Protein chains: 4
Amino acid sequence: MGTLLESDSEKNVLLQSQFPKQNQTLMFHFDSDYMAGAHPEIMRRLMDTNIEHTVGYGFDEYSDEARRRIREACAAPNALVQFLVGGTQTNATVIDALLRRHEGVLSADTGHINVHESGAVEHSGHKVLALPAHDGKVAAADVANFIHTFYSDDTYEHMVAPGMLYITQPTEFGTLYSLAELEELSSLCHKYNIPLYLDGARLAYALASPAADFTLADIARLCDVFYIGGTKCGALFGEAVVAPDPKYLPHFFPLVKQHGALLAKGRLQGIQFATLFTDNLYVDIARRAVNLALRLRKAFEAKGHCAAIDSPTNQQFFILPNEVIDRLLQHITFEYWGPRGDKESTVRFVTSWATEEEAVRAVEELL
Amino acid sequence: MGTLLESDSEKNVLLQSQFPKQNQTLMFHFDSDYMAGAHPEIMRRLMDTNIEHTVGYGFDEYSDEARRRIREACAAPNALVQFLVGGTQTNATVIDALLRRHEGVLSADTGHINVHESGAVEHSGHKVLALPAHDGKVAAADVANFIHTFYSDDTYEHMVAPGMLYITQPTEFGTLYSLAELEELSSLCHKYNIPLYLDGARLAYALASPAADFTLADIARLCDVFYIGGTKCGALFGEAVVAPDPKYLPHFFPLVKQHGALLAKGRLQGIQFATLFTDNLYVDIARRAVNLALRLRKAFEAKGHCAAIDSPTNQQFFILPNEVIDRLLQHITFEYWGPRGDKESTVRFVTSWATEEEAVRAVEELL
Amino acid sequence: MGTLLESDSEKNVLLQSQFPKQNQTLMFHFDSDYMAGAHPEIMRRLMDTNIEHTVGYGFDEYSDEARRRIREACAAPNALVQFLVGGTQTNATVIDALLRRHEGVLSADTGHINVHESGAVEHSGHKVLALPAHDGKVAAADVANFIHTFYSDDTYEHMVAPGMLYITQPTEFGTLYSLAELEELSSLCHKYNIPLYLDGARLAYALASPAADFTLADIARLCDVFYIGGTKCGALFGEAVVAPDPKYLPHFFPLVKQHGALLAKGRLQGIQFATLFTDNLYVDIARRAVNLALRLRKAFEAKGHCAAIDSPTNQQFFILPNEVIDRLLQHITFEYWGPRGDKESTVRFVTSWATEEEAVRAVEELL
Amino acid sequence: MGTLLESDSEKNVLLQSQFPKQNQTLMFHFDSDYMAGAHPEIMRRLMDTNIEHTVGYGFDEYSDEARRRIREACAAPNALVQFLVGGTQTNATVIDALLRRHEGVLSADTGHINVHESGAVEHSGHKVLALPAHDGKVAAADVANFIHTFYSDDTYEHMVAPGMLYITQPTEFGTLYSLAELEELSSLCHKYNIPLYLDGARLAYALASPAADFTLADIARLCDVFYIGGTKCGALFGEAVVAPDPKYLPHFFPLVKQHGALLAKGRLQGIQFATLFTDNLYVDIARRAVNLALRLRKAFEAKGHCAAIDSPTNQQFFILPNEVIDRLLQHITFEYWGPRGDKESTVRFVTSWATEEEAVRAVEELL
């Protein structure tokens with residue numbers, strides 16, 4: 001039992017079991033979008049600048065360039081742009097900055113902050129107020145209903161007040177909020193005077209989706225704070241927090257430091273984001289990944305294996321016969337999401353900028 | 001006033017003032033040891049492995065290799081070795097893991113956790129119990145006295161109990177604890193049953209100092225938990241937490257995640273530390289830096305400018321006439337630490353693996 | 001909107017609207033069980049001892065007597081017994097003491113800690129892991145299923161571990177766990193090595209219920225930590241935390257102080273609990289209250305108004321036609337719980353040691 | 001050693017050793033000002049109202065009356081007045097409400113929050129920024145110097161920002177800030193835009209001192225938030241937080257609940273404070289206590305035993321020969337504060353509304 005696991009080694013055994021070590025090199029991987037390093041262009045610029053000396057903590061010229069390019073791409077000339085290292089850290093820090101102490105954060109019950117962040121939000125003292133998820137999305141009606149029910153209760157001051165709304169774009173299930181849905185959530189939040197925060201860990205794959213009817217400028221216009229994910233979208237690591245109106249994140253810098261989220265060599269994020277936001281690289285490399293994901297889906301559907309969720313991005317979920325899964329596992333790794341009856345299971349395939357076309361072809365041939 | 005600074009831009013102005021942008025490239029820099037990228041050998045291995053796909057969160061083979069090499073270098077075969085990203089984050093996470101809720105951490109009042117971490121330790125709910133610093137070091141007598149005074153007070157349960165001891169090696173002033181001092185602190189901590197934690201943000205420069213009478217194995221034998229600094233010692237980023245006896249850090253992995261300190265692409269730290277701990281690279285590149293620092297010191301002293309502190313590592317503090325400072329600032333950047341009377345000031349010079357011999361020569365010529 | 005309420009006065013208006021001020025004295029009240037002062041015998045002893053001087057913080061003889069009497073009543077001779085002031089405070093302090101940092105507390109989604117404590121548990125850094133409530137109760141099967149699902153997930157270390165189970169007896173809906181259900185939950189918790197904590201804010205009304213098939217000694221035998229509620233059961237204030245085996249709450253005293261839960265004049269709780277645990281006063285006064293509550297229920301059911309929940313304790317929930325509610329409100333106050341269709345609503349009636357028989361008779365006549 | 005104390009019983013032994021149980025009733029006590037119950041007039045009103053039913057949480061008429069009387073006494077008609085239970089809890093809650101997350105609280109290093117609250121302030125995530133104490137008081141020059149030094153440091157955003165100033169009146173050593181000193185601290189705080197918070201745990205004894213050149217209205221005019229202590233000044237328990245301008249404590253009510261500081265039977269504090277603020281009872285009973293304390297001092301000085309600190313309030317500190325201490329301890333209890341050389345020690349005598357004149361006479365005779 002996990003409660004008994006104290007040592008690293010035991011944990012290794014447990015967690016690595018999910019990842020067959022033997023002939024790893026011969027295999028193709030669709031487990032996640034953080035399995036490879038960084039896009040070659042990023043590595044090239046990191047190499048070119050490696051021996052330069054610059055001031056730390058993001059006050060270097062590369063970080064200035066990255067902030068400038070991001071403000072342009074967001075059409076938000078006054079935006080506060082701050083670089084952090086990873087997603088969980090970014091969510092915990094931003095939410096801690098946006099909430100007053102008596103407030104909690106509204107989120108889909110399937111939201112990353114409510115499930116997969118080991119209680120990072122609670123570590124800062126805030127409750128996650130879970131709303132029913134619809135394919136990973138929050139419904140405006142549920143948000144409005146929660147707030148109305150809350151304030152119509154005479155004892156509401158004994159409960160955790162809804163202080164902000166957290167959404168993910170794309171969601172943990174690869175689905176997207178349409179422009180209309182974002183507009184509705186945004187006006188709802190402003191009506192009730194709570195900030196709207198968008199977790200863009202995979203934002204590139206949302207922007208690159210053929211189903212996307214919104215732009216990065218729309219996100220910046222409708223969200224009070226959001227972050228542009230680097231780790232899963234071509235960078236070695238790094239997330240760019242954007243507050244189009246800086247008033248939403250006063251004194252954010254010391255809070256980032258307090259949360260252990262401030263990188264000494266800040267230029268590393270500056271160089272990476274400056275590269276990603278040059279010549280639209282951020283979206284272009286994601287488009288390729290999304291296209292490969294949709295090609296995978298077509299291949300599965302052609303064989304009669306339907307998708308578990310209608311995802312237009314780089315995460316695809318399929319319901320497969322267990323023998324098909326076993327056959328694929330000979331040459332391909334992907335995530336097992338659980339049984340569906342005795343003979344079938346749900347699995348997740350994820351592509352990224354680094355996914356080889358050869359890998360997709362391998363799947364097509366194996367089916 | 002800082003309290004009025006809300007916007008990024010204003011902050012830029014303020015903080016970048018410390019760093020002359022103009023003709024940056026023509027200048028030599030001794031401001032700190034995190035101004036350059038990573039040692040070329042690390043960059044080479046990051047490039048070579050960049051397109052590989054590996055499992056995340058440190059369960060890849062490179063991280064296994066790094067853990068193995070570190071355990072060997074520490075002569076601690078059963079050690080828990082966990083990679084985090086930065087120093088403040090590492091201190092906050094380890095201290096949160098080691099302390100019970102009613103306990104605080106003993107530290108020199110000049111300790112990094114007490115001064116320069118924006119309250120990260122307090123953010124996790126713990127008090128820093130400050131002891132007088134002696135050139136940055138804690139005196140065993142002060143620790144013993146604190147603990148005795150504490151428990152001899154009938155009301156001690158109304159006060160914050162000393163739950164662990166935090167020390168830095170080298171200290172924020174470049175000074176070192178001798179082997180005898182470490183032995184004394186270690187036996188004192190074990191006598192009182194509180195863990196001894198060593199912050200090794202610059203540990204390489206301690207191990208490489210001609211004044212060092214201890215080895216990494218000694219550190220591992222005497223400290224219950226410590227971390228081997230990467231960020232300031234040749235890596236792009238990354239700190240390796242080591243608990244020679246894993247019992248001191250049960251359930252550390254989820255706590256690292258909760259603190260936002262878990263990197264998705266864990267192999268990045270694995271590759272860097274595996275490289276640093278191959279062929280003694282970690283200490284060798286630090287030795288070169290320490291030698292350049294001591295050469296700087298000799299140059300200053302030759303001109304009659306005495307050292308403010310007797311530091312045998314890569315940080316050197318000098319008392320200089322203000323006109324000398326102005327002359328040096330034409331071609332060199334370093335940290336200003338404050339006035340000393342009307343005509344003199346204290347300054348800090350820091351070298352690293354990336355310091356060019358040319359830079360030291362420039363100082364020698366300018367004096 | 002509540003978000004706009006800043007001033008005390010506005011809040012007064014809002015919250016007091018629930019409580020008609022006019023001719024308050026002529027009315028009978030069933031709003032809650034904390035509307036009157038303390039049982040006369042408690043007031044008598046507080047008066048008798050008022051001018052005595054005693055040491056503070058619960059180390060006086062009255063507190064010793066209370067601890068001794070509680071240990072006897074619980075048949076737990078070695079129990080740690082610590083007095084706190086209020087329920088929310090007690091839950092937050094005990095849960096903070098029982099959980100390791102990476103753990104959360106399992107609770108019915110209707111549990112007081114999950115709904116009505118303004119995020120006190122989260123303020124200490126812990127997540128409430130909500131389970132479906134069955135008339136306010138947690139099902140052993142749901143607990144077992146949660147734990148199994150959790151540890152069978154390879155990524156469980158990225159999620160909040162179930163570290164303890166919180167239950168209320170009676171529940172927020174007046175229902176009771178049977179001895180068999182408590183036995184099952186207890187063995188389940190011990191099987192998985194997580195403590196079982198029982199919130200006994202209204203424990204007296206559970207013990208006094210004709211439906212109770214358990215004793216206080218059974219509670220002490222089956223729960224690792226629980227508290228005996230004073231505030232709602234005859235005292236002015238005060239809750240007695242009991243850990244039959246003190247090992248579950250090491251260093252609890254300083255944690256109580258840290259949580260601001262330590263009363264300077266600790267004897268006030270000592271005197272109150274010593275009185276409540278003399279001649280079975282604690283249960284006797286609750287029995288009277290439960291009998292009046294059941295008599296109320298009989299009266300409503302006789303008129304065809306059925307109970308919303310089958311509660312055998314001092315809280316009764318009825319579904320009433322709105323015109324009946326309006327008629328009753330002329331002379332009686334009680335809690336409105338929400339509409340049920342257009343013509344009916346759910347209401348809560350609560351009795352206590354202080355409920356006058358005259359008040360019950362008034363209801364009977366008004367129906 | 002305290003670290004080994006796990007069980008209640010052991011702790012009892014340790015802590016009760018400070019308080020001789022044998023013939024307790026024959027002794028006179030000067031240990032502290034929280035050893036007796038409440039002023040008889042308070043007990044009378046608690047008895048008279050005991051069986052009344054009122055709404056909870058401080059929304060009853062008695063609490064309204066108390067708030068009204070306190071606003072009048074403070075000449076602060078719009079003041080937010082919120083009742084809490086105890087001092088540590090009140091400090092932790094108010095400080096948590098006043099500080100932004102990146103800020104700490106300035107306090108004398110001898111301040112109660114820095115020494116005797118078991119880390120309650122840190123539990124809420126804030127650092128106590130200790131300033132040198134001058135007989136328990138903070139010097140305006142030290143505050144100004146701290147703030148200037150802080151903001152003149154380029155790296156100030158890596159440090160904990162001074163977000164408020166905490167002072168105690170009277171101090172832990174019985175000393176008082178003069179009106180001029182309060183004026184200076186107040187204008188300093190407003191100049192730097194940080195709130196001034198005054199801990200008035202013993203405020204009555206300050207207002208009643210012959211040395212007091214300020215009124216309660218002055219306190220309300222100069223402090224942004226303060227609390228009027230009840231526990232040590234005639235009440236059973238209870239502290240009244242006052243914010244003359246409510247804007248300083250927005251959403252304070254849910255924060256009080258979250259901190260476990262909200263009493264269900266709020267009227268208990270309402271009745272007590274309404275009584276204390278009727279016919280000047282609060283100050284009158286304190287004046288009697290202060291006079292007895294000053295009479296004690298005269299008696300000691302007449303015997304050549306000088307005061308350790310020049311205190312004009314109810315706490316007096318004396319340097320006594322150890323044989324005198326032993327003689328007094330036969331009939332009197334007081335606090336031992338530590339040795340002073342081999343033959344003398346410092347002791348603390350505290351009087352309260354409940355101190356019998358007979359007790360003072362006993363001391364006079366024993367000398």
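**Figure 1. Chain C meets chain B in this predicted model.** The contact joins 16 residues of chain C to 16 residues of chain B. About 1,700 Å² is buried between the two chains. Carbon and sulfur atoms give 53% of that area. On the chain C side, the greatest losses of area to chain B fall on C:Arg101, C:Glu157 and C:His158. Together these residues make up 43% of what that side buries.

**Figure 2. Salt bridges and polar contacts link chain C and chain B.** The count of salt bridges between these chains is 2. One salt bridge pairs the side chain of B:Arg101 with that of C:Asp96, at 2.4 Å from N to O. Polar contacts between chain C and chain B number 12 residue pairs, with both residues at pLDDT 80 or more. Which helix of chain C supplies the largest share of the side that touches chain B? Helix H11, residues 252-258, does, with 5 residues. Sorted by class, the chain C side holds 6 nonpolar, 5 polar and 5 charged residues.

**Figure 3. Chain B meets chain A.** Here 69 residues of chain B are in contact with 68 residues of chain A. The buried area is about 6,100 Å². Carbon and sulfur atoms contribute 58% of this area. In chain B, B:His53, B:His123 and B:Lys265 lose the most area to chain A.

**Figure 4. Polar contacts and helices at the boundary of chain B and chain A.** How many salt bridges are counted between chain B and chain A? The count is 0. Polar contacts, in turn, number 26 residue pairs, both residues at pLDDT 80 or more. Several elements of chain B each supply at least two residues to the side that touches chain A. Among them are helix H2 (40-48), helix H3 (61-74), strand S2 (80-84) and helix H12 (267-276). H1(B) gives the most, with 5 residues. The chain B side divides into 29 nonpolar, 24 polar and 16 charged residues.

**Figure 5. Chain B superposed on chain A.** A rotation of 180° brings chain B onto chain A, with 0.0 Å of shift along the axis. The RMSD is 0.0 Å. The two copies are thus related as by a two-fold rotation axis. Of the interface residues of chain B, 99% are also interface residues in chain A, so the copies meet through the same surface.

**Figure 6. A:Ser107 and its contacts in chain A.** A:Ser107 sits in strand S3, residues 103-108. Is A:Ser107 buried or exposed? A:Ser107 is buried, because its relative accessible area is 0%, under the 20% cut-off. Beyond residues up to four places away in sequence, A:Ser107 touches A:Ile113, A:Val128, A:Leu129, A:Ala130, A:Leu131, A:Val138 and A:Tyr166.

**Figure 7. C:Pro246 in a loop of chain C.** The loop lies between strand S8 (239-243) and H11. C:Pro246 has 17% relative accessibility, so this residue counts as buried; the cut-off is under 20%. Setting aside neighbours within four places in sequence, C:Pro246 is in contact with C:Asn78, C:Ala79 and C:Leu80.

Technical notes: Residues numbered from 1 in each chain as written. Chains lettered and ligands numbered in written order. Predicted model: local features only at pLDDT ≥ 70, side-chain atom pairs only at ≥ 80, totals over all residues. Heavy atoms only, no water. Contact = heavy atoms within 4.5 Å. Buried area = accessible area lost by both parts, 1.4 Å probe. Salt bridge = Lys/Arg side-chain N within 4 Å of Asp/Glu carboxyl O. Polar contact = N/O pair within 3.5 Å; in protein donor to acceptor, adjacent residues only side chain to side chain. Helix = DSSP H or I, 4+ residues; strand = E, 2+ residues; numbered from the N terminus. Nonpolar A, V, L, I, M, F, W, Y, C, P; charged D, E, K, R; others polar. Buried < 20%, exposed > 50% of the residue type's maximum accessible area, 1.4 Å probe, protein only. Least-squares fit on C-alpha atoms with pLDDT ≥ 70 in both.
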